[in-house]
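Visitor: I am new to this one. Please walk me through it.

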Amino acid sequence: MNKIVFGPITSRRFGQSLGIDLSPDAKQCNFDCIYCELKGAKPVDTIQNPPSVQKVVDAVKEALLKYKDIDVITLTANGEPTLYPHLQELIQELNSIKKDSKLLILSNGATSSSKQTREILKEIDIVKLSLDCATQRCFNKIDRPLKGLHVEDIVQGIREFRKIYSKELVIEILVVAGINDKEEEFEALRTILKEIQPDRIDISTVDRPPAYDVKSVSIPRLKELAGILSSLPISLAYKRDYSEEKRDFTKEEILNMIDKRPQSFDDVHISFSTKSIQILEQLVEENFLHVKSVAGVNFYKLKDRA
Ligand code: SF4
């Protein structure tokens with residue numbers, strides 16, 4: 001496999017993912033996030049020396065012949081994929097060869113303030129945008145953006161995008177200890193997210209060693225912060241070895257909990273006792289609840305929320 005296409009890798013949140021790196025030679029990003037796993041680099045506004053559309057498409061075609069059952073073809077980069085200068089043409093080509101796979105982009109969201117980018121992104125099946133902070137001070141500290149990028153413009157861009165995009169929109173928040181792990185930040189994010197109504201919110205913390213010296217927050221703290229957000233489906237990234245006391249819930253407690261917020265299969269696996277899982281399954285059988293997949297993650301939801 002060449003440097004442009006990698007994988008497939010198993011993504012817990014999206015399934016079998018075939019990755020496309022649109023900046024295979026160096027990190028080229030309009031952010032230099034404090035938690036980035038790539039070496040720090042000065043933010044830029046375009047990808048220099050990008051691979052040609054033809055080269056990317058040929059590499060993807062070759063991989064699709066070799067690997068079956070790819071859930072998502074993922075546009076990513078050693079940096080920010082929306083800075084790829086031929087994105088529109090590439091998406092058209094990929095949409096024509098993807099067959100049953102979905103096209104996914106992992107973007108930091110900064111270019112959603114551009115109408116042109118929004119028009120391009122709307123042709124993608126799943127758009128995942130980062131939004132770590134709602135205030136400029138926090139944004140500057142955590143994402144260390146290219147000069148002139150304002151979080152308000154980005155938020156407005158995401159609002160505008162939601163108006164024209166009815167496929168699956170996922171917002172990702174990465175939480176860093178001492179920066180965006182404050183109630184006020186999450187309360188500000190809640191106001192915005194309630195308005196935007198993403199299909200899913202992914203919340204995680206620092207996992208692999210990042211470029212700079214930053215600390216993760218505990219899973220219980222992530223859960224508390226998630227509790228501040230709206231009632232939208234939230235997918236928490238639990239650490240592999242994380243476990244907590246399994247609890248017994250009554251039928252009413254389960255319905256109440258899921259009414260407040262849909263519970264992912266991971267949430268249930270982490271905190272429900274065997275008895276509670278049986279009650280939950282019974283509620284599905286009795287049609288009080290149903291299982292809904294949102295961009296590859298399964299949630300229990302109240303039946304009338306379908
Ligand atoms: S947006 Fe992604 S690639 Fe760019 S600096 Fe942040 S973490 Fe790294």
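Visitor: Into which domains is the chain divided?
Guide: This is a predicted model, where local features need pLDDT of at least 70, side-chain atom pairs count only at pLDDT 80 or more, and totals for chains, interfaces and linings use all residues. Residues are numbered from 1 along each chain as its sequence is written, and side-chain values use heavy atoms, with hydrogens and water left out. Domain bounds come from an automatic or database domain assignment. The chain splits into domain 1 (5–236) and domain 2 (251–302).

Visitor: How many residues of each domain are in contact?
Guide: Contact means heavy atoms within 4.5 Å. By that rule, domain 2 gives 13 residues and domain 1 gives 18.

Visitor: What area do domain 1 and domain 2 bury between them?
Guide: Buried area is the accessible area (1.4 Å probe) that two parts lose on being put together, summed over both. Carbon and sulfur atoms hold 53% of it here. The total is about 1100 Å².

Visitor: Which side chains meet in a salt bridge?
Guide: A salt bridge needs a side-chain nitrogen of Lys or Arg within 4 Å of a carboxyl oxygen of Asp or Glu. The count between domain 1 and domain 2 is 1. At 2.2 Å, N to O, the pair is R12 and D266.

Visitor: Which elements give two or more residues to the side of domain 1 that touches domain 2?
Guide: Helices (H or I, at least four residues) and strands (E, at least two) are DSSP runs, numbered from the N terminus. The largest share, 3 residues, comes from helix 7. The elements are strand 6 (168–175), helix 7 (219–228) and strand 8 (234–236).
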